[in-house]
Amino acid sequence: MANTIKVQLVKGLIGTRQDHRATVRGLGLRRVNSVCELQDTPSVRGMINKVSYLVKVVA
């Protein structure tokens, strides 16, 4: 994969909105500190922006 981006879940999902939890699952993240490598596309960037308070982009 040429352009990839690593995303890490840094905050728990308890107390968050249902659609935000679904977005995190759509990114492939399950537990706190789990990391997933995804293709860098506009749709993935939009999902990261939606739940930016829960995730961080790892170098």
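**Figure 1. Asp19 and its salt-bridge partners.** Asp19 is partly exposed in this predicted model, with a relative accessible area of 28%; here buried means under 20% relative accessible area, exposed over 50%, and partly exposed in between (1.4 Å probe, protein chains only). The side chain of Asp19 meets that of Arg17 in a salt bridge, 3.1 Å from N to O, where a salt bridge is a side-chain nitrogen of Lys or Arg within 4 Å of a carboxyl oxygen of Asp or Glu. Arg17 counts as exposed, at 54% relative accessibility. A salt bridge also links the side chains of Asp19 and Lys50, with an N to O distance of 3.4 Å. Because Asp19 lies in helix 1 (residues 18–26) and Lys50 in helix 2, this pair ties together parts that are 31 residues apart in sequence. Helices (H or I, at least four residues) and strands (E, at least two) are DSSP runs, numbered from the N terminus. Lys50 counts as partly exposed, at 38% relative accessibility.

**Figure 2. The salt bridge between Asp40 and Arg45.** Asp40 forms a salt bridge with Arg45, and the closest N and O atoms are 2.7 Å apart. Asp40 counts as partly exposed at 32% relative accessibility, and Arg45 is partly exposed with a relative accessible area of 40%. Salt bridges that share partners join Arg17, Asp19 and Lys50 into one network. A search of the whole structure finds three salt bridges.

Figure 3. Three strands form an open sheet in the order 2-1-3, with antiparallel pairing; two strands pair if DSSP finds at least two bridges between them. Strand 2 (35–39) and strand 3 (55–58) stand at the edges with a single partner strand each, so one side of each is left without a neighbour in the sheet. On average, neighbouring strands of this sheet are turned by 35 degrees against each other, direction ignored. Axes are lines fitted to C-alpha atoms, for helices over the stretch in contact, and angles run from 0 to 180 degrees between N-to-C directions.

**Figure 4. Pairing of strands 1 and 2, with helix 2 on the sheet.** Strand 1 (residues 4–9) pairs with strand 2 in the antiparallel sense over five bridges. Ile5 stands opposite Leu38 in strand 2. Helix 2 (residues 42–50) packs on the sheet and touches strand 1, strand 2 and strand 3; the direction of helix 2 makes about 20 degrees with that of strand 1. The bridge partner of Val7 in strand 2 is Cys36.

**Figure 5. The surroundings of Ile5.** Ile5 is found in strand 1 and counts as buried, at 6% relative accessibility. Neighbours within four places in sequence left aside, Ile5 is in contact with Cys36, Glu37, Leu38, Gln39, Asp40, Val44, Arg45, Ile48 and Val57, contact meaning heavy atoms within 4.5 Å. Ile5 and Glu37 are 32 residues apart in sequence, and their C-alpha atoms are 5.6 Å apart in space.

**Figure 6. The chain as context for the close-up views.** The chain has two helices and three strands, which run β-α-β-α-β from the N terminus on. The C-alpha trace spans about 35 × 20 × 15 Å along its principal axes. Buried residues make up 32% of the 59 residues in the chain. Among contacts between residues at least 6 apart in sequence, 72% join residues at least 24 apart.

**Notes to all figures.** Residues are numbered from 1 along each chain as its sequence is written, and side-chain values use heavy atoms, with hydrogens and water left out. The model is predicted: local features need pLDDT of at least 70, side-chain atom pairs count only at pLDDT 80 or more, and totals for chains, interfaces and linings use all residues.
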